[in-house]
Amino acid sequence: MENRYGKLASWVYNLDKPVGRSFGDLEYYRQLLSECEGPILEPAVGNGRIFVPLLEAGFPIEGFDASEEMLDYCQDECRRRNISANLTRQTFEGFSYDKSFAAIIIPAGSLQLITDVTLAAAVLKRFYQYLVPNGRLIVDLDSIEGFFGPSGSIRSWVTEKGDLLTLTDHRVETDYIAQTTLSHLRYEHWRDGNLVATELDLFKLRWWGVEEFILALRAAGFIDVVASGSYQHGRSPQKGDQIISFEARRP
């Protein structure tokens, strides 16, 4: 199963990107949402890295994720902070609500988990349909440069109990026509030199060109599309930007 975010993958994600850790995106979203009037939706909420601080700051945000393990981390963090959260297990292509939203946000390149371009277009249209008039969609995408870094890297983390978690990332396929990469992510849990558990995820992502994504947003019905580089709102993307953010409005 591709992009599964199982037990070990979610554990590593939560250690590497804990709730509140910012890459410039938390401040960026706080600024853009500061004048938002109405409910906010975060699809692919993950462990709540962005979601929980926004909720704690008083933003009327709710979210969903396809991974039960990731949702568990998010819900646990909300309980620790004594805040109530509206979280559900849903998917990009099948999510459903009985209301519309003033804003939908997708930080951290999560939309690139949708690797079929036809499905991605349908999801963008679905976002459009769940926005109120003048509602905004804000999406982060990793730049193309990030897809072609070194392969075969090994990273590690030490847990609170002193166990070792390792991640080996090996890119096995690049499809230049479909604009996708496929990596084998091997997660391992070690204790006292013994392998406790291992997990292999087939991790597939799709890259987008800046103008290509702007056209996709417009095809979904959005207007007033703004592309920004490195969380500097309104500054056109430049070579070397690792993150490109897009803001679009439903008329």
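**Rings and burial in a predicted model**

Visitor: Why is tyrosine 13 called buried?
Guide: Its relative accessible area is 19%, and buried means under 20% (exposed is over 50%, partly exposed in between; 1.4 Å probe, protein chains only), so tyrosine 13 counts as buried. This is a predicted model, in which local features need pLDDT of at least 70, side-chain atom pairs count only at pLDDT 80 or more, and totals for chains, interfaces and linings use all residues. Residues are numbered from 1 along each chain as its sequence is written, and side-chain values use heavy atoms, with hydrogens and water left out.

Visitor: Why do tyrosine 176 and tryptophan 207 form an aromatic pair that is edge-to-face?
Guide: The two rings are 6.2 Å apart centre to centre, with 65 degrees between the planes. Rings of Phe, Tyr and Trp (its six-membered ring) pair if their centres lie within 6.5 Å; planes under 30 degrees apart are stacked, over 60 edge-to-face, the rest tilted.

Visitor: What makes tyrosine 176 exposed?
Guide: Its relative accessibility is 57%, so tyrosine 176 counts as exposed. Tryptophan 207, at 7%, is buried.

Visitor: How do you know that the charged end of lysine 17 sits over the ring of tyrosine 13?
Guide: It lies 5.1 Å from the ring centre; the rule asks for NZ of Lys or CZ of Arg within 6 Å of the ring centre and within 35 degrees of the ring normal. Arginine 206 likewise lies over the face of tryptophan 208, at 4.4 Å from the ring centre.
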